[in-house]
Amino acid sequence: ETSWPFAVARSWATTAPGLSPNLVRVGGWALIAVAVAGFALAAFSTVGIAVPSRWWQPTVAASAIASALTLVLFFNPQLVLGLGIDAALIWVAAAGLWVP
């Protein structure tokens with residue numbers, strides 16, 4: 001049986017504070033939806049399709065934060081690279097190092 005490094009059914013948050021597994025699962029899917037939608041909007045703003053270029057920084061920052069929260073909430077050591085990518089994106093967006 002393959003053990004996937006990411007599963008919204010498994011989280012340290014369900015056992016540590018005693019949260020409902022269903023609540024954590026729904027929260028995980030909501031964070032995933034925010035991250036995916038935000039990164040899509042950021043991609044569109046990068047090329048100027050349907051989203052103003054000025055939205056790039058806030059959408060990248062918000063998406064990377066949602067992604068990082070998801071990766072922390074459902075942490076697995078195999079996902080550390082994703083946290084590094086999210087940190088780099090937040091830094092680039094916050095520092096204004098690149099804008100479309």
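Contact here means heavy atoms within 4.5 Å, and that one cut-off will carry us through much of this structure. The model is a predicted one, in which local features need pLDDT of at least 70 and side-chain atom pairs count only at pLDDT 80 or more, while totals for chains, interfaces and linings use all residues. Residues are numbered from 1 along each chain as its sequence is written, and side-chain values use heavy atoms, with hydrogens and water left out.

Let us begin with the overall layout. The chain has four helices and zero strands, and along the sequence the pattern reads α-α-α-α. Both kinds of element are DSSP runs numbered from the N terminus, with helices being H or I over at least four residues and strands being E over at least two. If you draw a box along the principal axes, the C-alpha atoms fill roughly 40 × 30 × 25 Å.

Next comes the surface. Of the 100 residues, 27% count as buried; buried means under 20% relative accessible area, exposed means over 50%, and partly exposed is in between. As for how the chain folds back on itself, take the contacts between residues at least 6 apart in sequence: 59% of them join residues at least 24 apart.

Now to the helix pairs, starting with α2 and α3. Helix α2 covers residues 21-47 and helix α3 covers residues 56-73; their axes come within 8 Å and cross at roughly 150°. The axes are lines fitted to C-alpha atoms, for helices over the stretch in contact, and the angles run from 0 to 180 degrees between N-to-C directions. Angles under 35 degrees count as roughly parallel, over 145 as roughly antiparallel, 65 to 115 as roughly perpendicular and the rest as oblique. The helices α2 and α3 are therefore roughly antiparallel to each other. Their crossing is left-handed, a label used if the near helix is turned anticlockwise from the far one by less than a right angle, with right-handed used if clockwise. Among the residues making the contact are V24, L31, V34, A35 and F39 of α2, together with W56, V60, A66, S67 and L73 of α3.

Not counting residues up to four places away in sequence, A66 touches L31, V34 and A35. S67 is also found in α3 and is buried, with a relative accessible area of 15%. Leaving aside neighbours within four places in sequence, S67 is in contact with A35, F39 and D86.

What makes up the largest nonpolar core? Its five residues are V8, A13, V24, L73 and F74. Such a core is a set of buried Ala, Val, Leu, Ile, Met, Phe, Trp, Tyr and Cys residues joined through side-chain atoms within 4.5 Å. One of the members, L73, is in contact with S11, W12, A13, V24 and L31, again leaving aside neighbours within four places in sequence.

Finally, have a look at the loops. G18 lies in the loop between α1 (12-15) and α2 and is exposed, with a relative accessible area of 58%. The loop between α2 and α3 holds A50, a residue that counts as exposed at 81% relative accessibility. Phi of A50 is near 65°, a positive value in a residue other than glycine. P52 lies in the loop between α2 and α3 and is partly exposed, at a relative accessible area of 25%.

Definitions and conventions:
Buried < 20%, exposed > 50% of the residue type's maximum accessible area, 1.4 Å probe, protein only.
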